[in-house]
Amino acid sequence: MFYILHMTFGSYVRTTREDLRARDKRFSLRQVAERIGVEPAYLSKIERGDVAPPSEATIRRLAADLGQDSDILLAMAGKVSSDLQTIIRARPQLFAELLRQLREMPDDALLRVVREVRDGDW
Amino acid sequence: MIELRHDALDFCFPEVHADARCRIDFQRTLRIPDDKRDYPLPPGLGRFPLQHVDDFAERLPVEWLQHGGVFLPMYQAEALWINFHGDYPCAIKIAAGKINAVTGDPWTNTLSQDPQDYVVVPEQPWLDGFAVDKGLIRQFVAMPLGEGFSAEEQLTGAGVHGGIQIHIYPMKRQVYEDLYVRRSMLEAGPAFCAGDAAPSMGLAPGGLMHQEIYEDEYGIDAWDQNAGARCFVHLMNSVAYLQATKHLPPQEPPSAADYTKAGLPWFDYFDAERNALAGAAKLAGLDSVAATSIKKGQGRVSGNAPIPSPAVTAVGPHSRVREGDF
């Protein structure tokens, strides 16, 4: 998936959570904060952009709770997930060069490069 | 890894060998009459479109997402055949509703030698149906799951899985190099080095057709079972396909009678150098679509009138074209 990230991390989280709360009260600020293990006041500050985005682990829990892609939320928070960092650190020159070459490639060409047919559970 | 390209599944195994590739597509075809006579091979009328299940996740059954893989549209009582391409030898298990199409046994993730439960490419160019006897198959025909027609429902009593399941194992690198690379170097001589409707369908046994499923000449130890790749191919009712994808499914194929009346060819594939498997008693005991329909009190299946002596074009290992000419 390829997104242009127009919104800030906090406003995206708030919009997503409030959309969910309109259909399901379990997505109130208090209940979401409780499920992901932070204080409601802290989550409120994150949503308003008063504090920097939280840790990778908290962002992953937030993404899971809100049904969002954790890689996208991490990117919006200006972070690269630790598993990707490990991959890049293992072969930094190769991956740096690869990413630079892929930067200008159109989405359909990128999909041809990276897309596998997914096997599941059967 | 498996990629979807131009409505074909491209399997490649770079960890085994740079040449280890195999491509599979699903050909639209005529439904042969289901009238107890046996028929030659019908033509290929082009590939079925294939879609990633993940691309239409919100409009597909939850189980399909669990299975992963791809899906294609089929009309009720439409037939298909499976087209294999590739020069690198591979062992391929094919199942319909997780019933092995060669043996009739339930799905397993490993190869069996006795009885042989797979086909070997490139020796086997196509598979058109369930192996019911030596040199005889019953055509793959799509029927709605849950109505009792599919091989899966007849053998297990339930229509749970549907679709087509594929598992490919490439030949072990060392076996391939011993058999082919060194041989080709010797043959070439010294050389320079160079570089809404219910969407799920299952496959039911249709009419009888001549087709041999060839014995594995390499033996089961030739296949790299640590390097297999598998794919679940879901079969979707064509009406549901239009609703789910907003893409038009292909038109319904012509009837076998209309095709034959137009003087277009049928095919017979013969490879005198290979032995055919015997066929599976379990599959031979299944009721065909026509027989099931009568048993269920639904009357005779349409488009089932016998075809008088169709024009048959013989093809062999060196002339395999059975598609794209129409």
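User: Where is Lys98(B) found?

Analyst: Lys98(B) sits in the loop between β8 (90-96) and β9 of chain B. Strands here are DSSP runs of E with at least two residues, helices are runs of H or I with at least four, and both are numbered from the N terminus. Keep in mind that this is a predicted model: local features need pLDDT of at least 70, side-chain atom pairs count only at pLDDT 80 or more, and totals for chains, interfaces and linings use all residues. Residues are numbered from 1 along each chain as its sequence is written, while chains are lettered from A and ligands numbered from 1 in the order in which they are written.

User: Why does Lys98(B) count as buried?

Analyst: We count neighbours. A residue is buried if 20 or more other C-beta atoms lie within 10 Å of its own, exposed if 12 or fewer, and partly exposed in between, with C-beta atoms placed from the backbone. Lys98(B) has 21 C-beta neighbours inside 10 Å, so it counts as buried.

User: And what makes Asp7(B) partly exposed?

Analyst: Asp7(B) has 15 C-beta neighbours inside 10 Å, so it falls in the partly exposed class. You'll find Asp7(B) in the loop between β1 and β2 (8-12) of chain B.

User: Which kind of peptide bond runs from Asp114(B) to Pro115(B), cis or trans?

Analyst: That bond is cis, with omega near 0°, and Pro115(B) lies in the loop between β9 and β10 of chain B. The bond from Val121(B) to Pro122(B) is cis as well, with omega near 10°. Pro122(B) has its place in the loop between β10 and β11 (126-127) of chain B.

User: How do you know that Gln116(B) is buried?

Analyst: Gln116(B) counts as buried because it has 20 C-beta neighbours inside 10 Å. Its loop runs between β9 (99-100) and β10 (119-121) of chain B.

User: Which residues does Gln116(B) touch, leaving out those up to four places away in sequence?

Analyst: Gln116(B) touches Val102(B), Glu215(B), Asp216(B) and Leu277(B). "Touching" means that the C-beta atoms, placed from the backbone, lie within 7 Å. Thr103(B) is 13 residues away from Gln116(B) in sequence, with 7.5 Å between their C-alpha atoms.

User: Let's go to chain A. Why is α2(A) called roughly perpendicular to α3(A)?

Analyst: Helix α2 (residues 29-36) and helix α3 (residues 40-48) of chain A pack at about 105°, with their axes 8 Å apart. Axes are lines fitted to C-alpha atoms, for helices over the stretch in contact, and angles run from 0 to 180 degrees between N-to-C directions. Under 35 degrees is roughly parallel, over 145 roughly antiparallel, 65 to 115 roughly perpendicular, and the rest oblique. So α2(A) is roughly perpendicular to α3(A).

User: Which residues of α2(A) and α3(A) meet?

Analyst: Leu29(A), Arg30(A), Val32(A) and Ala33(A) of α2(A) meet Pro40(A), Leu43(A) and Ser44(A) of α3(A). By class, that contact has five nonpolar residues, one polar and one charged. Nonpolar means Ala, Val, Leu, Ile, Met, Phe, Trp, Tyr, Cys or Pro; charged means Asp, Glu, Lys or Arg; the others, Gly among them, are polar.

User: What does the secondary structure of chain A come to?

Analyst: Chain A has eight helices and zero strands. Of its 122 residues, 14% count as buried.

User: How many residues does each chain bring to the contact between them?

Analyst: Chain B gives 15 residues and chain A gives eight. The chain B side has seven nonpolar, five polar and three charged residues.

User: What is in the largest nonpolar core?

Analyst: A nonpolar core is a set of buried Ala, Val, Leu, Ile, Met, Phe, Trp, Tyr and Cys residues joined through C-beta atoms within 7 Å. The largest has 90 residues, and Ala131(B) is one of those with the most contacts inside it. Apart from that core lies another, of 11 residues, including Val13(A) and Leu43(A).

How values were computed: Contact = placed C-beta atoms within 7 Å.
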